[in-house]
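Here is a short report on one helix and its aromatic neighbours. Keep the sequence and the 3D view open as you read.

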Amino acid sequence: MLLDDNADPQYVPVVAFWYSSQECFVRWKNCLSTCFNISNGTRQGGVLSRYFFSRYIRDLISNIVNSGVGCKVSDHFINILAYADDIVLIAPPWRAPQQLLNVLQDKATAINMECNVKKTVAVVSTKKSS
């Protein structure tokens with residue numbers, strides 16, 4: 001991933017060690033847990049976390065953008081809005097949203113990512129465009 005983005009090869013082992021050797025505590029009120037290891041993932045709010053996650057889902061987003069399914073708004077074709085780990089799919093009803101969801105599912109599975117269905121909503125506009 002880093003080498004694909006032309007990162008300096010001397011920093012890759014440092015970042016790999018840093019992220020594979022993380023230790024964490026949980027603080028709740030005045031109590032502190034014992035130390036435990038985190039061997040994968042990025043830190044919540046970490047400086048590099050946004051970069052790593054956006055790089056991690058770059059192909060997923062690209063596949064959705066290039067699917068040809070979406071809405072034309074003024075002179076722009078839009079089918080996805082993404083910020084951090086939030087993704088909004090935009091498509092005209094009825095079959096198009098399912099097509100985008102299928103692309104999302106296929107690509108998410110390929111990168112071992114799961115969508116949290118408890119945080120997922122669907123919004124359908126019944127207003128007709130002119």
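The cover over the buried residues of helix α2 includes α1 (12–20) and α3 (58–65). Helices here are DSSP runs (H or I, at least four residues), numbered from the N terminus. This is a predicted model: local features need pLDDT of at least 70, side-chain atom pairs count only at pLDDT 80 or more, and totals for chains, interfaces and linings use all residues. Residues are numbered from 1 along each chain as its sequence is written, and side-chain values use heavy atoms, with hydrogens and water left out.

**The buried side of α2**

Which residues of α2 are buried? They are Ser49, Phe52 and Arg55. Buried means under 20% relative accessible area, exposed means over 50%, and partly exposed lies in between (1.4 Å probe, protein chains only).

The table gives the accessibility of several residues.

| Residue | Relative accessible area | Class |
|---|---|---|
| Ser49 | 9% | buried |
| Tyr51 | 32% | partly exposed |
| Phe52 | 9% | buried |
| Phe53 | 25% | partly exposed |
| Arg55 | 12% | buried |
| Tyr56 | 35% | partly exposed |

Take Ser49. Leave aside its neighbours within four places in sequence, and Ser49 is in contact with Tyr19, Thr42 and Arg43. Contact means heavy atoms within 4.5 Å.

Now Arg55. This residue lies in helix α2. Arg55 and Asp5 are 50 residues apart along the chain, yet their C-alpha atoms are separated by 9.0 Å.

**The aromatic rings**

A pair of aromatic rings is described by the distance of the centres and the angle of the planes. Rings of Phe, Tyr and Trp (its six-membered ring) pair if their centres lie within 6.5 Å; planes under 30 degrees apart count as stacked, over 60 as edge-to-face and the rest as tilted.

How many aromatic pairs does the structure hold? There are four. One of them joins Tyr51 and Phe52: this pair is tilted, at 5.5 Å centre to centre and 55° between the planes. Phe53 and Tyr56 form a tilted pair too, with 6.4 Å centre to centre and 40° between the planes. Phe53 and Tyr56 are three residues apart in helix α2 (residues 49–56), so about one helical turn separates them.

Finally, the cluster. Trp18, Tyr19, Tyr51 and Phe52 form one aromatic cluster.

Note on methods:
Helices (H or I, at least four residues) and strands (E, at least two) are DSSP runs, numbered from the N terminus.
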